[in-house]
Amino acid sequence: MSDLLAIICSPFARLSREYALAISGFGDGIFFVTYSLLIREARFKQIRKWLTAHEEEGKETYTIMFDECHKAKNLMVTGTGKKTRTAEVVHSLQATLPRARILYASATGASEARNLAYMSRLGAGGFSSMESF
């Protein structure tokens, strides 16, 4: 139990802008971030900066968990559809943080394979990307 109490747990939305800008001093911990907060450009940059600092320090034991990840399904669109900001941000985090462990969690199924394009770490059943699927 003491291990659990030692973890810093902070809702990212409650961090002041000044503190969040100095995020490199935050150290280890857990951020709980909603998708609506993650798609805000300033907050996205702060989170990416914190995680990038962990990569530069050689820390390999960090995980990004996308809960209700089906909300990022509109990465690969057809016809007149447009990518959503949520899908772009989820994809960008995975692409810029190659050492991050990724956990996808959703109880909602996908109606088409292209709706799983944001799950770039899965390898799409042996394919190198969803585009080649």
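Select residues 63-67 and 101-105 in this predicted model. These are strands β3 and β4, which pair in the parallel sense over 5 bridges. To get from β3 to β4 the chain passes through helix α5, residues 85-96, in a right-handed β-α-β crossover.

Next, show α5 on its own. The helix has 12 residues and reaches 16 Å from its first C-alpha to its last, close to the 16 Å expected at 1.5 Å a residue. Colour T86, A87, V89, V90, S92, L93 and Q94: these residues of α5 are buried.

Now move to the largest nonpolar core, which has 24 residues. Elements giving two or more residues to this core are α3 (35-38), α4 (41-56), β3, α5 and β4. Which residues have the most contacts inside it? They are L51 and F66. Select L51 and display its surroundings: leaving aside residues up to four places away in sequence, L51 touches Y62, I64, L93 and L97.

Finish with the charged pairs. A search of the whole structure finds 2 salt bridges. For one, select E41 and R85, whose side chains meet at 2.6 Å, N to O. This pair links distant parts of the chain, with E41 in helix α4 and R85 in helix α5, 44 residues apart. E41 counts as partly exposed because its relative accessibility is 40%; R85, at 29%, is also partly exposed.

For the other, select E112 and R114, where the N to O distance is 2.8 Å. E112 is partly exposed at 39% relative accessible area, and R114 counts as partly exposed at 22%.

Definitions and conventions. Residues are numbered from 1 along each chain as its sequence is written. This is a predicted model: local features need pLDDT of at least 70, side-chain atom pairs count only at pLDDT 80 or more; totals for chains, interfaces and linings use all residues. Side-chain values use heavy atoms; hydrogens and water are left out. Two strands pair if DSSP finds at least two bridges between them. Helices (H or I, at least four residues) and strands (E, at least two) are DSSP runs, numbered from the N terminus. A crossover is right-handed if, with the strands pointing away from the viewer, the path from the first strand over the helix to the second runs clockwise. The expected span of a helix is 1.5 Å times one less than its number of residues. Buried means under 20% relative accessible area, exposed over 50%, partly exposed in between (1.4 Å probe, protein chains only). A nonpolar core is a set of buried Ala, Val, Leu, Ile, Met, Phe, Trp, Tyr and Cys residues joined through side-chain atoms within 4.5 Å. Contact means heavy atoms within 4.5 Å. A salt bridge is a side-chain nitrogen of Lys or Arg within 4 Å of a carboxyl oxygen of Asp or Glu.
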